[in-house]
Each structure stands twice: as C-alpha cells, then as structure tokens.
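Subject: Structure handover

Hello,

Here is the structure I promised you. Please open it and keep it beside this email as you read.

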Amino acid sequence: MKLLSKLTKNGYQNYIIVILFFAVFQILSSTGHISNSLKGQLVPIVVYVIMALSLNLVVGISGELSLGHAGFMSVGAFTGIIVSATLQNSIPNGSIRLVFAIVIGAVFAGVIGFLISVPVLRLNGDYLAIVTLAFGEIIKNLLNITYVGLDSKGLHLSTKDIASMNMKPDGITILNGPMGALGTVKISTFFSGIVLLLLVLIVIQNLVASRCGRAIMALRDNRIAGEACGLSATKYKMIAFVTSAAIAGSAGALYGLNYSTLVPKKFDFNTSILILVFVVLGGIGNMTGSIIAAALLTVLPEMLRTFRDYRMLVYAIVLILVMIVTNNEKARDALTGLLRRFRKKSVKEGTANE
Amino acid sequence: MKKKVLSLLLAGAMALSLCACGSSQAPASTAADNGTAATEATPAAGDGKLTGTLNMGVIGPLTGAAAIYGTCVANSAQIAVEEINAISGDFQIALNSQDDEHDAEKSVNAYHNLMDWNVQMIVGCVTTTPCIAVSAEANSDRVFMLTPSASGTAVTEGKDNVFQLCFSDPNQGSASAQYISDKKMGTKIAVIYNNGDAYSTGIYQTFAAKAAELGLEIVSTTTFPDDNATDFSVQLKEAKDAGADLIFLPIYYTPASLILQQASTMGYAPTFFGVDGMDGILTLEGFDTSLAEGVILLTPFVADAKDDATVNFVTKYQEKYGEIPNQFGADAYDCVNVIYAALQKYAAANGGFDVTGVSYSELCEILISVFTGGDFSVDGLTGEAMTWNAAGEVNKAPKGMIIQNGAYVSLD
C-alpha cells in the first residue's frame with residue numbers, strides 16, 4: 001500500500017477520474033441503466049484514452065511530433081491476436097491470455113519503436129514528423145502482406161499467400177494479409193482496460209516526475225542548453241519514444257482482442273491523426289486533458305447519429321468550436337473564474353460544516 | 001488524508017468490479033438456448049395472416065470511400081419497404097439505416113445503436129470486414145442477419161444466424177474458374193488483383209485453387225495496392241510477355257477501367273474476365289465504353305434487363321434518386337423481400353403471426369427455421385429460386401454477361 005501511494009502521488013487526480021469513470025459505468029451497466037451503444041464503446045474509449053496518453057508522452061513531454069502512432073498500435077494489436085490464438089488451447093482462461101497478449105504486444109511494439117527511433121531521432125521538427133508518418137505507412141503495408149498460420153507444428157509465416165505457408169490440413173489462418181485477422185476470440189473487458197489504463201498512468205506520470213522525465217523536458221525546452229549540461233538528447237528522447245510505442249502496443253492488443261476481426265487498413269494515417277486530435281484538444285502535455293478529450297471525442301460521433309448524414313460535419317464544427325474556446329483568452333478567463341467561484345463556495349461550505 | 005481516500009476508492013472499485021463480473025455472465029448463456037421455447041410460444045390467431053410492425057435495421061457505409069454501395073443498399077431497401085408497406089396496413093416495416101463508414105469499430109457502434117432502437121432483425125452489413133465484426137456480436141446476442149453483399153466466408157462461418165444473399169467470395173472465384181474452363185475461353189491466364197482489399201484477395205485465392213484443380217494455367221499473377229491504383233503498365237506488360245490470352249480481374253470497376261484503357265494504349269487485346277465488382281463500368285463517368293467491348297463478367301444482376309421486376313425496380317430507383325442502381329441495391333431489395341416472404345411463410349404455417357413486440361432472439365430462431373426448412377425458395381432480381389443452406393450461403397445460378405455495343409448481353 002505504501003508503494004502504491006508513493007507511486008500514485010503524482011497527478012493523483014487522474015487516478016481518481018479513471019476510477020470514478022469505472023465505478024459509475026460499472027454501476028450503470030450492472031443495474032442496466034446504460035444504452036447498448038455506450039456499453040459497446042467502453043473498451044474503445046479506454047483504448048483511445050491510453051493511445052492519447054501514450055502520444056502525449058512523445059508530443060507533450062518529449063516535444064516531438066509523431067504522426068505514425070497508429071503503426072505501433074497495429075503492431076501491438078496483431079501481435080496480441082497471434083499470441084491469444086496461439087495460447088488458446090494451453091491457457092483457456094481469457095483474462096490470463098489477455099495479460100500475455102498485452103505484455104507481448106507491448107514488447108513487440110517497443111522493439112519496433114526502438115528500431116524506428118534509431119533513424120528517426122537523428123532528425124527533429126517537421127522532418128521527424130514526416131518520417132514517423134512514413135514509418136506508420138510502412139508498418140501498415142508490411143502487415144498487409146503478412147500471412148500467419150497455426151497448426152500442430154507451430155506458427156507459420158509467409159509474405160506471399162496462405163498456400164506458401166505449407167500448413168498441415170488442421171492449420172488455421174490467424175492473419176490473412178489484407179483481410180487481417182478473422183474470427184478472433186474476444187477477450188478484452190472493460191475491467192481489464194481500466195487496470196491497464198491505471199498501470200499506464202502510473203508508468204507515464206512517474207516517468208515524467210523522475211530525473212529522466214526532467215531531462216526529457218529540459219531537452220524539449222532547449223535542446224542546446226540541455227546537451228551543454230551533458231544530457232544525451234538521443235538517449236532521453238529514445239526513452240520517451242520507446243515507452244510511448246510500447247504503451248501504444250498494449251492499447252493495440254486490448255483493441256484487437258475486442259473485435260472479432262481487424263484489418264491492417266484500420267491503422268492508417270487517419271487513425272494517427274485522430275489520436276493527435278485528442279492530444280491537441282486536451283492540451284499538449286496535459287494528461288488529464290488527454291483523458292477527457294479522448295473519452296469525449298470517441299463518444300461524440302455516436303451521440304451525433306441523430307444528425308444522420310451531417311454528423312461528421314457537426315463533429316468537425318464541434319472540434320473547431322472547442323479549439324476556439326480553449327484558445328480564446330476571454331473564454332478561458334470566464335471558465336477559470338467560474339471554477340474559482342465554485343471552489344471558493346465549496347471551501348466555505350466545508351468550513352461551515354466543521 | 002488524500003492517500004486514505006484514494007486507497008478506499010481503489011478498494012471499492014475492485015470489490016464492485018468483482019460483483020459486476022459475476023452477474024454479467026448470466027444473461028449470455030440463457031440467451032443462447034431460449035430459441036426452441038420461443039418458437040412454440042407464438043400465438044396462433046388462426047387466419048394465417050402476417051400482422052404487426054417489424055423493426056428492420058440496415059448497416060452500411062453511408063459516408064466515406066465505400067458510400068456508393070451503402071447508400072444504394074439503404075435506398076433500395078427503402079424502396080422495397082415502401083412497396084411492402086403499401087400492400088396492406090396489417091403488416092408494416094420500420095426501417096432504420098445506420099452508417100458504419102466501412103469500418104469494423106464504427107459498424108459495431110452502429111449495431112449497438114440499432115439495438116437501443118429495439119431492432120428485430122438486420123439487413124447488413126454491406127461490406128465484408130464490418131460484417132464479420134457485427135455478425136460475431138449478433139451471433140452471441142441472437143439477432144438474425146441477412147447480408148446483401150458481404151461476400152467473405154468468415155461472415156457466415158460458424159454462425160447459424162447469419163445468411164448471405166450474394167455469392168460468397170469462394171463461390172465467385174471457383175465459379176469463374178469453372179466458367180472459363182467449361183467454355184474454353186483461354187489457355188494462358190493472367191490475374192491482376194488488389195492485394196490491399198479483402199474482397200479481391202478472397203476471390204483470387206479461391207480462383208487460384210480452383211484453377212489448379214481444373215488444370216487451368218495461370219502464367220502471371222500481379223497485384224496492386226489500394227492507395228496506388230493508377231498505373232498498371234507493369235502488370236499488363238508482365239501479362240503480355242507471359243503470353244496470356246485471358247486476364248482475370250477480380251477487382252472493382254474503377255481500377256478495371258484504367259486497366260482496359262492502358263491495355264488498349266499498349267495494343268494488347270486479351271479477353272478480360274471480371275466478377276460482380278466490374279458491374280458499373282458502363283456508367284462510369286468519362287469512360288469510353290467502346291474499350292469495354294468484349295469484356296465478360298459474372299454478375300447476378302443487370303440494370304438494363306427487360307424482365308418486369310427489374311424494370312419496376314430500376315425505374316422506381318431512378319425516379320426517386322436520379323441514378324441507376326448497382327448490384328448492391330438489387331441485393332438489398334431482394335433481402336427485404338426475402339424477409340417478407342419468410343415471415344409470410346411462417347405466418348401461413350402457424351395460423352397467423354403478429355410481429356410487433358416479438359423479441360429479436362425469438363424472431364431469430366423463427367427465421368432460421370424458415371431459411372433452413374428445406375422448402376423455402378424465393379424469386380428475386382438477382383436470381384430465381386434462391387435457396388439457403390444451413391451454413392448461410394445462398395444457392396443461385398451465376399449469370400455470365402458479355403459487353404456488346406455498350407450493353408450487357410447474356411452469354412448463356
């Protein structure tokens with residue numbers, strides 16, 4: 001308990017938000033006061049919150065624009081699916097299999113993140129953004145030609161077609177090139193997602209508050225000054241980048257095992273941008289903002305279904321309005337003023353009660 | 001203080017989730033096996049009439065890159081529903097079409113949205129990938145699905161409540177190979193397919209397997225990705241160098257039109273053989289239809305066929321939406337009519353049937369029993385005497401068409 005309280009002392013409000021979110025929705029869904037629509041979105045919400053947190057580590061804390069984050073998510077997702085399918089017979093328990101899938105998915109995505117970070121982090125600014133974009137597309141196209149099968153002899157891999165895997169007749173195809181994963185057994189749950197989210201928060205917030213995190217932020221604020229102080233820019237940026245990639249991979253595994261099918265095409269440029277929108281709207285570097293923005297913006301398109309064909313238009317208008325309001329001095333002052341008044345009031349009430 | 005509050009909260013949340021986990025598992029198991037009881041409990045009114053209002057959901061891409069298919073399905077289903085609603089006031093269909101942007105995640109969201117609307121059965125999804133995701137959900141919830149156009153095998157595999165109105169991809173691929181072999185159309189075959197697309201890859205895989213079985217010689221297999229479908233000179237040159245006299249194109253009509261154009265510029269004129277995705281090539285804007293002369297395709301529906309049903313549907317569609325419907329629309333029109341026919345058959349056999357308020361799981365078992373009953377067959381726009389097997393696949397004859405003087409002409 002002492003260790004837990006030590007680990008969670010930074011940004012404790014984020015843990016409270018997540019736990020409250022979980023408690024409220026768990027009560028609502030166990031008493032049946034929640035629509036199917038929202039219930040089906042609980043896992044995706046958690047996944048996108050984790051993705052936003054992970055990207056915020058790169059964009060907000062490390063200060064580098066990454067446009068290929070969906071790539072890491074897809075590595076984690078497909079690794080997780082393969083792990084889960086392979087362990088299906090040896091570990092019948094879904095939750096334990098999910099833990100394996102998430103851990104191995106995160107490790108794979110971390111390794112890919114490391115490999116990519118070697119060339120990418122030699123660049124900075126716009127160039128880095130473009131190269132991450134390219135790597136995201138490369139990952140997608142490589143997955144498009146990846147065929148993975150499983151038979152009694154083990155895993156088979158091919159980059160040509162199913163036939164060239166030479167599987168035994170009892171073999172099943174796990175990844176079928178552009179058709180992606182078919183017939184995945186769904187094992188992701190809201191509870192497991194929340195546990196993962198809390199772990200991710202612990203990792204990110206403690207990394208940011210550590211000596212390492214201060215070095216990462218110092219290099220973000222002034223690379224030359226940081227390097228003059230003896231900080232290795234490549235090393236610290238790489239720590240942030242690889243951690244972020246691994247977290248994205250874990251979110252991907254959770255996502256992939258929540259649907260019975262998944263295609264590589266899903267993780268294109270648009271998904272990367274979507275996550276970047278969450279981060280920018282929540283405030284770059286602001287973890288609480290990322291959590292709230294990702295959750296709200298995931299639910300919003302579904303809420304707008306009443307607008308039918310115009311819903312994506314309305315969605316865009318809402319995005320623009322939020323951007324304007326959060327960046328407008330007057331609007332922000334009005335909002336903080338309101339919050340301050342509310343806080344004063346509650347403090348007064350608190351003292352009166354005592 | 002803060003720490004205490006936090007630890008309390010944590011402990012509370014954990015305890016709560018444990019109880020919630022225990023209770024949430026119960027309904028799933030009961031939902032799966034209440035079907036048999038439900039079928040017996042249907043009220044028998046005695047007159048054999050179908051009454052009430054059916055809540056029918058449609059899921060398809062109404063926006064995004066595949067919107068042309070989704071909107072046509074939604075519009076055509078609307079036409080069929082209006083026709084049925086006009087027959088008599090006793091039986092009505094309420095239609096609700098939801099957008100899935102051709103994305104599995106959005107499609108599952110759309111499905112849950114329909115569930116909140118108390119949907120009783122679903123016509124959809126339009127495209128394969130979203131349909132696989134939704135059919136898995138529908139299978140555990142016991143919602144009946146009849147898809148107009150999701151042709152992948154994984155859509156119906158292992159799911160007794162999901163049926164297809166279109167040919168499945170393997171059927172199309174092997175039917176094409178069979179057709180080419182039977183009619184001796186070519187000796188050296190080249191294939192150009194889209195390896196970034198589930199539909200195209202699916203047909204190619206079964207075509208190649210069937211061709212090997214029939215002894216057809218595939219001399220060249222080339223691919224192109226989704227986002228780079230503009231230049232096909234490399235693929236065509238390889239086919240030409242290999243001496244192919246027939247090119248099989250299991251792709252959609254937009255890239256196919258470019259292939260035809262570039263082959264004609266190269267002065268290369270093999271026989272081109274397409275599948276149902278090729279339908280639409282004659283109405284493509286800015287395409288010189290003389291290039292498509294002699295192209296052969298297997299398709300279940302032709303918009304300028306002269307039979308009464310097709311003429312009726314196409315004129316209504318044109319009046320209402322100002323376009324010529326494609327094959328997806330005809331499939332959706334058939335889907336609604338097939339459901340209507342199935343419910344009528346059930347009503348006639350059970351002395352009347354009131355659909356209002358029948359739960360989706362009850363209706364699911366009823367429709368499965370009719371579809372797999374053995375004597376259920378429907379004539380539609382896309383085929384005569386369509387029947388279904390227990391695996392959910394449709395049985396109807398493919399029609400071979402050749403393009404002559406800018407119009408489809410039947411090959412048979």
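Below is what was found, starting with the contact between the chains.

**Ground rules**

This is a predicted model, in which local features need pLDDT of at least 70, side-chain atom pairs count only at pLDDT 80 or more, and totals for chains, interfaces and linings use all residues. Residues are numbered from 1 along each chain as its sequence is written, chains are lettered from A and ligands numbered from 1 in the order in which they are written, and side-chain values use heavy atoms, with hydrogens and water left out.

**Where the chains meet**

Start with contact, meaning heavy atoms within 4.5 Å. On chain A, 44 residues are in contact with 43 residues of chain B. The two chains bury about 3,800 Å² between them. Buried area here is the accessible area (1.4 Å probe) that two parts lose on being put together, summed over both. Carbon and sulfur atoms carry 59% of it. Three residues stand out on the side of chain A: I19(A), M179(A) and R305(A). They supply 15% of the area that chain A buries against chain B, more than any other three residues.

Next come polar contacts. Each is a pair of N or O atoms within 3.5 Å; within protein, one must be able to donate a hydrogen and the other to accept it, and residues adjacent in sequence count only if both atoms are side-chain atoms. Between chain A and chain B, 14 residue pairs are in polar contact, both residues at pLDDT 80 or more.

Which helix of chain A gives the most to the side that touches chain B? That is helix 2 of chain A, with nine residues. Helices (H or I, at least four residues) and strands (E, at least two) are DSSP runs, numbered from the N terminus.

**Salt bridges**

Side chains of opposite charge can pair when their charged atoms come close. The rule for a salt bridge is a side-chain nitrogen of Lys or Arg within 4 Å of a carboxyl oxygen of Asp or Glu. Over all chains, the search finds 18 salt bridges. Five salt bridges lie across the interface of chain A and chain B.

One of these pairs D103(B) with K266(A), the closest N and O atoms being 2.9 Å apart. Another salt bridge joins D99(B) and R311(A) at 3.2 Å, N to O. That pair crosses between chains, from strand 2 (residues 91-99) of chain B to helix 14 of chain A.

Are its two ends buried or exposed? Buried means under 20% relative accessible area, exposed over 50%, and partly exposed in between (1.4 Å probe, protein chains only). D99(B) is buried at 6%, and R311(A) is buried at 2%. Salt bridges that share partners join R311(A), D99(B), E101(B) and K106(B) into one network.

Now look within chain A. D221(A) forms a salt bridge with R220(A), the closest N and O atoms being 3.1 Å apart. D221(A) is exposed at 57%, while R220(A) is partly exposed at 32%.

Chain B has a pair of its own. D160(B) and R142(B) meet in a salt bridge at 3.1 Å, N to O. D160(B) lies in the loop between strand 4 (144-147) and strand 5 (162-164) of chain B, and R142(B) in the loop between helix 6 (128-141) and strand 4, so the pair ties together parts that are 18 residues apart in sequence. D160(B) is partly exposed at 36%. R142(B) is buried at 8%.

**Backbone details**

N118(B) sits in the loop between helix 5 (104-116) and strand 3 of chain B, and is exposed at 56%. The peptide bond from G124(B) to C125(B) is cis, with omega near -5°. C125(B) is in the loop between strand 3 (121-124) and helix 6 of chain B.

**A sheet in chain B**

Three strands of chain B form an open sheet in the order 12-13-14, with antiparallel pairing. Two strands pair if DSSP finds at least two bridges between them. Strand 12 (378-380) and strand 14 (394-395) are the edges, each pairing on one side only. Two bridges join strand 12 to strand 13 (residues 383-388). In strand 13, G383(B) is the bridge partner of G380(B).

**Cysteines**

How many disulfides does the structure hold? Zero, over all chains. A disulfide is a pair of cysteine sulfur atoms within 2.5 Å. The sulfur of C72(B) is 12 Å from the closest cysteine sulfur, in C335(B), too far for a bond. C72(B) is buried at 4%.

Best wishes
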